[in-house]
Every structure is written in C-alpha cells, then in structure tokens.
Protein chains: 2
Amino acid sequence: MPDRLGFIGLGTMGRPMALNLKRAGAELSVYARRAQALAPLTEAGAIACASPAEVGRQADIIFTMVSDTADVEEVILGAQGVSEGARSGSVVVDMSTISPAVTRSIAARLAEQGVEMLDAPVSGGEQGAIDGTLSIMVGGAESVFERVRPWFARMGRSIVHVGASGAGQVCKACNQVVIGHTLVGVGEALLLARAAGVDPLRVREALLGGFAQSRVLEVHGQRMIEGEYAPGFKARLHQKDMRIILETAAQLGIALPGAAVFAQSINALVGRGSGELDSSAIHQIQLDLCGRGGP
Amino acid sequence: MPDRLGFIGLGTMGRPMALNLKRAGAELSVYARRAQALAPLTEAGAIACASPAEVGRQADIIFTMVSDTADVEEVILGAQGVSEGARSGSVVVDMSTISPAVTRSIAARLAEQGVEMLDAPVSGGEQGAIDGTLSIMVGGAESVFERVRPWFARMGRSIVHVGASGAGQVCKACNQVVIGHTLVGVGEALLLARAAGVDPLRVREALLGGFAQSRVLEVHGQRMIEGEYAPGFKARLHQKDMRIILETAAQLGIALPGAAVFAQSINALVGRGSGELDSSAIHQIQLDLCGRGGP
C-alpha cells in the first residue's frame, strides 16, 4: 500500500510544497492553524484535519513546515499534537528551520513511541518551493531518508543526506551563515564602488567572471544595485535563523564573529520596520550608515 | 607598424603573463630588479633592458606587474623610471594591485607628458596567469582600453572596462572584499559543522546546490576541509590588499565592518608566520581560536 502523507503548516513555503506532493498523486491529509490556508489544498483534493493529532492518525509520513522552534515543539509534542495520533512505524519529517539541539530532543521523544523523525530544512525560497527546486538538507537515519526520498524529489532538486538527527538543521545553519556573510561582503563591495564613483553594475559583471563569483553576487547583488527588495527571503526570518545560529554557537563554544556582524545588520533592518523586505536589504543599512542612502 | 611591448616585474604573476604576450608574437622588452628573473623571457626571445626607463624608450605599451603601491610609483615615476623614457602617445598599463588614489595621481603625472595610463589589476592567481585565464579589471579611457584589449585577451578571459582611471583598482578592491567575506563565511560554516559533529564534506556538497553556492565554497571550502593551504593566493598579499582597502574606506568615509573582521584574521595568520600560505588558511585561525585546530 502506498504511503499516506500528511502536511502541517500551509504558509508561504508549506502551501506550494504540499501542493507539489498532492500533484504527485499522494493521498494527503493537511492541517493549518488558519482555516483559510486549507482551501487551496482541499480544492486540490487533500483531506482537511481538525488537529495535528488527526493528521498523525491518518498519515504514514507527516511533514511539518512551521515558523520557529516552539511551533515545531507544539505541533509535534503539544496537546493535540502529531505524537498523540502517530502510530509506531510512521515518520515525522520537519522541514522548518529550527534549533539543531531541540530537533534532536524531539526525535528522541518520538523514538520512545516508535516514531521516526527526519530534519529536512530547505533553501531556495518561495519560488523554489513553487517550482519544486528547493535544496533539502536531511538529518536522520539512512533507511528513513531512503523511504522519504521519492517525496523529497517532488519538492526539491538538490537533496543531500547530511548525517544523523540534527545534521540537516546544522547544515541549514551553515547555509544561512554563508549567505549572510556573502550578503555583507557583496554589500560592502558595492558600497565601496559607489563611494569611489565606480559603476556598481560593471563591478558586479567583472566580479562574476572570477573567484568572487557567487549566486548571492549574481542575484542579490543585482537587487542591491537596483534597490529592489521584494522578498525573496524575508529579513525577519533570516533574523530568526541567526538567533538560532548564535545560540548554537554559544552552546558549542565556538566564535562566529562574521556571522555576528551580519546578525547586527539584520537586527538594525528589522528594527527600522523592514523585516518583511528581502534580507539583502541590509545593503540599505550599509549605505545609510555612511550617509549614502538611496538605491 | 605593430605595437612594441614592454613588461616590468617578472615575478610569480608577471613572468607567465609576459611569456603569454611573447608567445603571441609581440616584440617585447623586459626589466626586472633580480637579473635571474630575466632568463625565462630572454630565452623566449625578449630583449633585456637595464632600467624601466629603457623599457619606456623601446616600447609603445609598457605593462607593469610589481608588488605594492610604492613599487609602482618607483618603476614609473622614480629615477630611471618608465616616465624618463616613455614618449608622448605611449601607454603604461599597471596590472599590479595598488591604491586607487595613487593610481589616479600617477595617471595625472603621466598625462602631463602625453603618456596614457590604464590600471588593470587581475584576479585568478598564478594558475590563471599561466593559463591566460585571468580576470582583468580595467580603468582608464575607452579608446586606450580598446587599443590594449587584444593584448589583455592573451593574458585573461574575463576582461571588463570598469570605468575611468582608478576604476580597475576600485573593482579589484571590491573583488578582494567579496572573497575575504566569503572565506570568513565558509570558514565559520565549516567550523560550525565540525563543532556540531556534522561531516563538513556533506555540508559543502549540500550548500553548493543552493543560494550559498560560490567559487570560494567550491575551491577554498575544499582546501579548508583538507587543511591544504599551498598557494593559491598568498595570505601576505591578501593582507596588503586589505590594508589598501581599509585605507581607501577611511579616505572615502565609509564603514566596512565585515572586511575589518577578515583583515584581523589575516593579520593573525601572517603574524603567526603563515603569510606564505593561501589566504584560505584563515580557517586555521578560526579553528585554533576555539581550540579545535587540526585539519
């Protein structure tokens, strides 16, 4: 009998991801806190559930895609959570971006009732979710990864089993660290070009031809030059990720001074009320700091 | 009559660059401070000169590739410098990485005697110089750029006319800022992975599939994972570039906090006697700082 799937959390990312699973022919049970979020899925043939527990009862593989660490704990372990309904042998796949340490403790709790867990956070933003081209970074047992892999392939293009439980979240943290640094670096370079009276478009073009090349320079560099910050990936979410990362660094006893510089820029950006902009809008903070605002 | 070329500075970068010009059939006059550096060029048919001034007398287009700002000033404007020999209508092309402000002042001095100047610093390292695949970032008049372009094409692959005099140096500064940030970011991410017990090779692989992709992650990330720091691009040269960049930022009145974080890591690396290693060896500083040294 084919796997019955569940999906909890139907926001900007979760909705298109769940739709891609449904279009692949899955039997799909869904839950969202906001009832109106259910409509696009039920219209596509999904079964609406009254609680995460009900999703847990109906499905063999239950995906969660919610905002933050506390939300994942609640929908999985809280009252009427997935764990109240899930049977031994079923699998919880959390695709949210949350704390690696909490991920491991949730996995340990589920294991006590025979429920497997994968952490599988994604990169690629709303467009990647719609197109089914996300990067998916997976932690958990190899055999469970292989069981879920065909469904990952409906949502993403680059799918890597990184390691044991929590490794997917650690990998996503690394991803956000690298993107954060590269945003700061590209932004500082474009600020330098502008302040020196040099065309930032030409600089971007020249740098793309050499070792300074990156996807961030290509995509976000263009946004910075145009002052075009419609998301993309919202600053307030990158702020949340940096909070998790710097907490994790403190727990592990490691220094990430560059990540801290980026986190401060994001704090300033969100603090001025621009948390809904793409996180590349930190370039505006860099410009304004030096009295060189404007796109 | 075809252009007669000159080349001054036959070190790690200059030697293969000059050889590529000679192989393209140019009549080539050369000068180097160390006499033994001349041998590979004279064996290839170049004419050895006793001073930069003599190169200036013999050539129509004189390339310079030396270490630092003061060296460029000396070989162009100093006693027995290029300017003592160069005729009106000839072109000086400085391919060293030096101060944008000093570049503009040298160009102004040469203009007084009717000599044109381009600043054309490169990226791509020794291998790029040997293979003729450098990125060349050019500042100066468009018509002069067009005159020299066929020769640039013998040394590089990505050749961008960035803007007026100094714009090539500003662009190179931007290039070094972006690479520096990306090195710090990739290094912090790999430190985080390692400290959290996650395989950094898998993390690199997963990140290359998404928005964290960069040439630095691909090439220098691999070096960091293997602890393999044979240059490449030497830390002491990246230190010199960061000194120029932070001086330029101060002159322009702009803040580059992330570039400063990278510069401090490079200072520590050079300070411990590792200036001849590739600049990606800052990862060793990141690891050692947290008591997690070793490749």
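Domain bounds here come from an automatic or database domain assignment. In this predicted model, chain A is divided into two parts: domain 1 spans 5–164, and domain 2 spans 171–289. Their centres, taken over C-alpha atoms, are separated by 29 Å.

The interface between the two domains was examined next. Domain 1 of chain A places 13 residues in contact with 9 residues of domain 2 of chain A. The size of an interface is often given as the accessible area lost when the parts come together. Between domain 1 and domain 2 of chain A, the buried area is about 920 Å². Carbon and sulfur atoms give 60% of that area. On the side of domain 1, the residues that lose the most area to domain 2 are Asp68(A), Thr97(A) and Met137(A). Together, these three make up 42% of what that side buries.

Polar interactions also cross the interface. Domain 1 and domain 2 of chain A share 6 residue pairs in polar contact, with both residues at pLDDT 80 or more. The rule finds 1 salt bridge across this interface. A salt bridge joins the side chains of Asp68(A) and Arg243(A), at 2.6 Å from N to O. Asp68(A) is also among the residues of domain 1 that lose the most area to domain 2.

By class, the side has 7 nonpolar residues, 5 polar residues and 1 charged residue.

Notes
Residues numbered from 1 in each chain as written. Chains lettered and ligands numbered in written order. Predicted model: local features only at pLDDT ≥ 70, side-chain atom pairs only at ≥ 80, totals over all residues. Heavy atoms only, no water. Contact = heavy atoms within 4.5 Å. Buried area = accessible area lost by both parts, 1.4 Å probe. Salt bridge = Lys/Arg side-chain N within 4 Å of Asp/Glu carboxyl O. Polar contact = N/O pair within 3.5 Å; in protein donor to acceptor, adjacent residues only side chain to side chain. Nonpolar A, V, L, I, M, F, W, Y, C, P; charged D, E, K, R; others polar.
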